[in-house]
Amino acid sequence: MLDRELMREAIKARELSHSPYSEFAVGAAVITKDGRVFHGANVENASYGLSMCAERIALYCAYMAGCKKNDLKAMAIVADTRRECSPCGACRQVIAELFPEDAPIYMGNLDGDIEETTIEDLLPNAFTEDDL
C-alpha cells in the first residue's frame, strides 16, 4: 500500500513542476520512518544545466529538515511516460549517497504502473564516501 500512497504524493508534487522548456513534468516524494513526506518537482532554467530534478529536490528538502540517510523509508518518482519513470544518472548518484541502499524506490507513470527497485539495483558499484 505504501507504494500507491507515496505515488499519490509524487503526483501532487508533479503539479508544482516548472518545466516550460521540455514540458516534461516530474514529481517525487520521500517518506521518513516517522511518516513525514517531502516533495520535489523538477525546476527548469533557460540555462539548462542549472535545472534541478524532482528526486534531488525531495531528498534535499528532507535533509534541510534535519533528516539523515537512516531516517528515510521510501521514495516515489512519477512522470507522464509510457513506462515507469526512472531517475537520471545525476539523481542516481545523489540517491546512492543520501538514500538507504536497500530502501524501496517506486518508479511510476500516470497510468498507474509502478515498478519497485533499490538504488543498489539502479546504480551498482556506486561511487560513495567509502571510495574516498
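**Ground rules**

I number residues from 1 along each chain as its sequence is written, and my side-chain values use heavy atoms, with hydrogens and water left out. Since this is a predicted model, local features need pLDDT of at least 70 and side-chain atom pairs count only at pLDDT 80 or more, while totals for chains, interfaces and linings use all residues.

**Entry 1: helix H2**

I began with H2 (54–64); helices here are DSSP runs of H or I with at least four residues, strands are runs of E with at least two, and both are numbered from the N terminus. How many of the residues of H2 are buried? I found eight of its eleven, so I noted the helix as mostly covered (buried means under 20% relative accessible area, exposed over 50%, partly exposed in between, with a 1.4 Å probe and protein chains only). Glu55 and Arg56 are on the buried list, along with Ala54, Ile57, Ala58, Leu59, Ala62 and Tyr63. These buried residues pack against S1, strand S2 (37–41), S3 and H3. After H2 comes Gly66, with a positive phi near 100°.

**Entry 2: the nonpolar cores**

Next I looked up the cores (a nonpolar core is a set of buried Ala, Val, Leu, Ile, Met, Phe, Trp, Tyr and Cys residues joined through side-chain atoms within 4.5 Å). The largest has 26 residues, and those touching the most other members are Val30, Leu59, Leu72, Met75, Ile95, Phe99 and Ile105. Two or more residues each come from strand S1 (26–32), helix H2, strand S3 (72–79), H3, strand S4 (105–109) and helix H4 (119–122). A second, separate core holds nine residues, including Met7, Ile31, Ala74 and Ala76.

I then followed Ile105 through its contacts (heavy atoms within 4.5 Å). Leaving out residues up to four places away in sequence, its partners include Met75, Ile77, Ile95, Phe99 and Leu122.

Ala96 sits in helix H3 (residues 89–98) and is buried, at 11% relative accessible area. Beyond four places in sequence, Ala96 touches Lys69, Ile119, Leu123, Ala126 and Thr128. Ala126 is 30 residues away along the chain, yet the two C-alpha atoms are separated by 6.6 Å.

Ala96 also lines the largest pocket, as do Lys69, Glu101 and Asp130, among others. On a 1 Å grid over the protein atoms alone, a pocket is an open set of points where a 1.4 Å probe fits, with protein on both sides within 12 Å along at least five of seven lines; lining residues have an atom within 4 Å of a point. I noted a volume of about 220 Å³, meaning the space filled by probe spheres set on the points, which are joined across faces, edges and corners. The lining has five nonpolar, two polar and five charged residues (Ala, Val, Leu, Ile, Met, Phe, Trp, Tyr, Cys and Pro count as nonpolar, Asp, Glu, Lys and Arg as charged, the others, Gly among them, as polar).

**Entry 3: the second largest pocket**

This one holds about 180 Å³. Phe24, Val26, Asn42, Cys53 and Ala54 are the closest to its centre of the 14 lining residues. By class, I have eight nonpolar, four polar and two charged.

**Entry 4: salt bridges**

How many salt bridges are there? I count two, taking a side-chain nitrogen of Lys or Arg within 4 Å of a carboxyl oxygen of Asp or Glu. Lys12 pairs with Glu9, the closest N and O atoms being 3.2 Å apart, and both lie in helix H1 (residues 2–14), three residues apart, about one turn. Lys12 is partly exposed at 46%. Arg36 and Asp34 form the other bridge, also at 3.2 Å, N to O; Arg36 is partly exposed at 34%, whereas Asp34 is exposed at 57%.
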